[in-house]
Amino acid sequence: MLGTFSRSDWLLLVIFSAVVLTLPWTLEPIGAAYPDLLQKFAIYGIFAVGFNILFGLTGYLSFGHAAFLGVGSYAAVWSFKLLTMNVLPALALSIAIAGVFALLIGYISLRRAGIYFSILTLAFAQMSYNLAYSVLTPITNGETGLQVRAIRKSAEVSLRDGDVRIIDQALGIPEVGVPITNLFGMKMSGYPGFYFCAVLLIVCFFIAMCISRSNFGMMLKAIKSNQNRLNYTGIHTRPYLIAAFVISGMYAGLAGSLLSITDPIAGAERMQWTASGEVVLMTILGGAGTLVGPVLGAGLIKYAEQKVSSWNEGILHGAFSFLPEPVQDFVVEFFSFFVGEGWHLTLGLMFMIIVIFLPGGVMEGFRRLRRAFANGASPPPRPVATTTPIAERD
Amino acid sequence: MSVAETIRDDVAGERGFQSDIPDRVLHIDDVHKSFAGLHALSNVDLDVRQGETHAIIGPNGAGKSTLLNVCVGRIEPDRGAVVFDGDALTGKSPHEINQLGVARVFQTPEVFLDLSVLENVMVPALSRRDGHFKLNPFTAFSGETEIRDEAEAVIADVGLKNRIHMTASSLSRGDKRRLELAMGLIQHPKLLLLDEPTAGMARHDTNATIDLLRKIKERGMTKVIIEHDMHVVFSLADRISVLAGGRIIAQGSPEEIKNNPKVKEAYLGEEQV
Amino acid sequence: MDAIFLQILNGLDKGGAYALIALGLTLVFGTLGVVNFAHGALFMLGAFCAVTLNRLLNISFERVSETEKDFLGNPRVEKVPYIEQWFGPDLAGFLLDWSVPISILLTIVVMAVIGVAMERGLIKHFYKRPHADQILVTFGLAIVLQEIVRHYFGANPIPQPAPDIVAGAANVGSWLGLGDNVIYPWWRLVYFLFSALVIFAVFAFLQFTTFGMVVRAGMQDRETVGLLGINIQRRFTVVFGLAAVVAGVAGAMYTPILPPDYHMGMDFLVLSFVVVVVGGMGSLGGAVLAGFVLGILQSFASMNEIKSILPGIDQIIVYLVAVIVLLTRPRGLMGRRGVAEE
Amino acid sequence: MKILYPNRRKILQLGAAAGAATLATPHFFSRGAFAQSMDYRNAPTGDTVTLGFNVPQTGAYADEGADELRAYQLAVEHLNGEGDGGMLNTFSSKALEGNGINGKKVAFVTGDTQTKSDAARASAKRMIENDDAVMITGGSSSGVAIAVQGLCQEAGVIFMAGLTHSNDTTGKDKRANGFRHFFNTEMTGAALAPVLKNAYGTDRKAYHLTADYTWGWSQEESIKKYTEGLGWETVSAVRTPLGAGDFSQYLTPVLNSGADVLVLNHYGKDMVNSLTQAVQFGLRDKQVNGKDFVIVVPLYSRLMAQGAGENVKGIFGSTNWHWSLQDEGSKAFVKSFGEKYGFPPSQAAHTCYSQALLYADACQRAGTFQPSEVGKALEGFEFDGLGNGPVLYRAADHQCFKDVLVVKGKENPSSEFDLLEVVEVTPRAQVEYDPELLGGELGPYNDGV
């Protein structure tokens, strides 16, 4: 496999890795270089890369991927509560359980295609969310979210409120208060947590790249292009689709697991349809079907959510303090519409502008820029229609 | 095998119709299909022998495409059976039928528009080699050199060599048809079903296609061709069946068909023979 | 028995609202082929038309009160609506009391304008684009619309009382010879009749006008209608406007039941999509049927007797039904082959 | 003022001094994780101290969040000696001098909780990790409060809870670094029950509609406990999905249940909708068992009650504070808030303002911002003049104990803000309970080093 990567593929991987690992330096100027946001970039990057394996390659739009994110989170926290604070079992457990869950949902949902498939996945995710929030509280701790606790003092305390951590106890690892997740003693919060997520993001990116360049990936692309034809070509498309669904479900489970690893709490709202919608938006915003696009999209949306929402008027006044007073007031007034509590408006406008002017997402923008530079002229309009523009030859 | 055997014997006994053909590959037995009361096919019996090129002709709406669709599993017949090489095709899904060795070339090109010409041809080749499903996310597509060589050869055969890296969506309609043909050929099917392979092609392209199909014939591939263009039909066919109003009204060698009065009647004013 | 009867009423009432929202959604999808995530926002805008009319009627001049003090202890500034001064307290009182039903007139005009503007300015360019793009752009638009509403009206729900005469509950039981405990809010009965009327009107419009015939033909086979040389563009615009108006009046009339807030469109969005899909994408009859079926099932699932057997069933019933329907009937209750399946 | 300044400076540096070694050093080498000299997390080094205000700015509680933010901004002004000083003048502790806290000017950063635990924690983390906030405060729901409280415990900063009413915040989920001024469902039950007895008698049958999540259950349990203690019977308690919108299918069964009291354990939008619809169903005008049918809304929010309009008339509930209170503290707060913003503050605004002041005062008295020291200054602290009469910050569970207001929807409101009237101020002694009752453990303080 490795031998058949082209030189540009290797280059992409190396550049991607370099960029991801240097984020704590490069994002400093835009105020995004702090552990939590960096972790979120990496985690949601993984989520979006995985989602893209399903949506970008096969064209099947799942509106329920958040369910796997949630299941992964819960599985990880339960691993912390029952087994050990070491993150490796949590990772394995999350991926496995999310995979099984995805197999179940995928097996049923993939009996349908198009918008019917989307609604089936949405229905499953919403059921998971509603139940997790209410009836399943013994497993999920409902609204408050499932948290890691101190070792319980007696078996009467419910497992929600007191942990057992069989492995850690057996190994005699001492605990003071509520312990922190670790990788063989290395704390998984802060920057070590980010680097852990970043390495996994690079691994996941690499796997996605392999898939995209593989026979399997080619079949998925052929499904997107013309599923019917593929059937007449002797390919049974459903197992391919189920495999893609499960793989992307496992990516989501991994992302959910990392959310719990960097911050050991799992809440039901991670499964809500808005969370599923978010990953769809990330992928389309960055550029569905491209490798880097989803990661970019994830970064953009998380940045808007975390940073744009925090720019209050005071900060705006600070930023525009070089302007004369009346102009400054006007400018601040104008911008406060879009930032702080208005950050949703910015997000909505961003969606519209990108999809209207750059149908292929941010990556499309980069392509156009590159073409513009290469040609030294204005970029040619991109053919949107897939019908044949060329008349009969001869 | 035994089911097919029985069917074959029954049919042979009942109808006394070309009693026993040892090298018969495809056997269509008493197929009926009606859409909302309209009989698209009734009592269709047809045999295709090993290695022959069998043309099905008939006026528009005669049921030719429906018959082909029944063969590839797109349409379930109301009654009757299609037996291929000992296996009943009726009730099988399209991919299973293809895996048995039946490939179809579509009338309106059904290619993978987002993929390149080369990829379009390699996908069916992989299907032939790996079967209907193989989980191989780490087998590099670009590492399939053997299949690529073969695909390139087939692409050259159909005359798309200089378009090999173009996206299929940017091909002209005629080129898409060549691509269709290549996708069928690369599977080396036991039986190739061609639905009007030259429709819409210019004359010299048509001739090139005829030459190509002749060449394949030499390799011993069995073919069923639905065709309007009598020039193509008479250049290629070993035997011809004539379909009209959902029934087979005549069957025989090109010479016999040419002189069959019923055929002339059915085609009167429609096509020049 | 009474309980079941009441739950059927509840179901019909809910179903009416679901059907009205789903109707426009499926109409737009069936004719224009556009998945409109901003449809919920149109429902919300309709509701805020009612709020706006109420505010307009309440435009006041200020008068410093001689006797009363405000919360800071300063003399209270009283507001007197201009209409009270112009028309006298009786008529003004009547107008304010009936502001929700009256607002339908305003809603129709405003929503038609918004619908046409939206179609001309944005949706039109997305007919040929993939559904994913349509979803993204309309979702973005929905966010923008609701943020604008929030900017002017705040995030809190705004009460919109029904006219006094239909504010209370009707003793339905006494009409039908059931017990005295069978009472039902007047306004909900009004809403049910209203939704039935609107649904009927839309169907009649599509059934008995030439325009409607073309639209129905378009839903069957868009390309052919285009080939007939009919100016399909203009008709699309009208269809979108119609869908916006239906969603809008549904929202305006719903305000006494659910005090509107800027987010109500999103709350209804997922549900209305489920209704449309259960009914079958692009099927008007299916949308109405599914609306009522889901409404009634949801009501029954909330009964204590059922919840005690299946805890949490009322939380998931809608989705559960959607899954079952889609697995047994691939294209929903009344969907056609090939629509939205690519 | 805080976030963009350093960044903009950094951009300028980037332009001016290319290759400067300082730039290449990431955040975490230069400060924080490896700086051992500090004895607690985010110790302020300059002449300002940064507080983090984490409130819902989008979603259903956005207006409440906006009101909280207004209160915080007012508090910051007063702490820095601007404005009229508000409740600083009536506060019993005189440690604060109007020159900031511990001589440092107060700066603040804001964030959006979106009323989601994940978003709230992410936003709090940003303030702690990126903006060096030394204390986090705010929020409008218990789920968020508990999630952020847990985070602050791990990170080693103080959390001053905003509006959170669930018992768990200072019960099962209490943390050493977390403090709550707001009351809880236990107190609501204890305060409300006697008033209900006086108004409606002891022979009542109650029907509960409860929002199906932790806070709803907590509320239902407390009200049941105290009303059943009075002799009321609980006919049924039905869980309703959060954000159900239309509650008709849950309301019709009430008609035939034989119940004569409907308890709505809902908050926010759920409360507005269920109350509006219950009134439409004629429940307020009904007669059952020879008695007038009544509705009770145990936790009132004046801001939210506005959404229910006239439907709140005559309906009992409890609240943490109300602007119509006539003590000096409340009057001072209403005056300075009203003059600045043009309308009276909500209970959410009041509790947030108080929390900001209480934190500042504790720091001042402790002489440091170190969480363990500040916490000790708050533990067992008795104060007055913040609008609730004499209050105790109990050491055992970091919960404030104060008088609880029982209110009723006003029959003849004089303005759009004048929706509730205080019918009884239940004295503190009556709502106190044993800290062991609600379980949980504070654990040790975490200074974050």
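Trainee: What separates the centres of domain 1 of chain D and domain 2 of chain D?
Mentor: In this predicted model, 30 Å lies between the two centres, taken over C-alpha atoms. Domain 1 covers 48-183 + 325-398, and domain 2 covers 186-319.

Trainee: How many residues of domain 1 of chain D are in contact with domain 2 of chain D?
Mentor: 15 residues of domain 1 of chain D are in contact with 13 residues of domain 2 of chain D. A contact needs C-beta atoms within 7 Å.

Trainee: Which elements give two or more residues to the side of domain 1 of chain D that touches domain 2 of chain D?
Mentor: They are α4 (62-79), α6 (142-155) and α13 (347-366) of chain D. The largest share, three residues, comes from α4(D). By class, that side of domain 1 has four nonpolar, seven polar and four charged residues.

Trainee: Why is α13(D) called roughly perpendicular to α14(D)?
Mentor: α13(D) and α14 (residues 371-378) of chain D pack at an angle of about 110°. Angles of 65 to 115 degrees count as roughly perpendicular. So α13(D) is roughly perpendicular to α14(D). The axes are 8 Å apart.

Trainee: Which residues make the contact of α13(D) with α14(D)?
Mentor: α13(D) brings D:Leu358, D:Ala362, D:Cys363, D:Arg365 and D:Ala366. From α14(D) come D:Glu373, D:Val374, D:Ala377 and D:Leu378. By class, seven are nonpolar, none polar and two charged.

Trainee: Where do the closest C-alpha atoms of chain B and chain C lie?
Mentor: They lie 14 Å apart, and no contact joins chain B and chain C. No contact joins chain B and chain D either; their closest C-alpha atoms lie 34 Å apart.

Technical notes. Residues are numbered from 1 along each chain as its sequence is written. Chains are lettered from A and ligands numbered from 1 in the order in which they are written. This is a predicted model: local features need pLDDT of at least 70, side-chain atom pairs count only at pLDDT 80 or more; totals for chains, interfaces and linings use all residues. Domain bounds come from an automatic or database domain assignment. Two residues are in contact if their C-beta atoms, placed from the backbone, lie within 7 Å. Helices (H or I, at least four residues) and strands (E, at least two) are DSSP runs, numbered from the N terminus. Ala, Val, Leu, Ile, Met, Phe, Trp, Tyr, Cys and Pro count as nonpolar, Asp, Glu, Lys and Arg as charged, and the others, Gly among them, as polar. Axes are lines fitted to C-alpha atoms, for helices over the stretch in contact, and angles run from 0 to 180 degrees between N-to-C directions. Angles under 35 degrees count as roughly parallel, over 145 as roughly antiparallel, 65 to 115 as roughly perpendicular and the rest as oblique.
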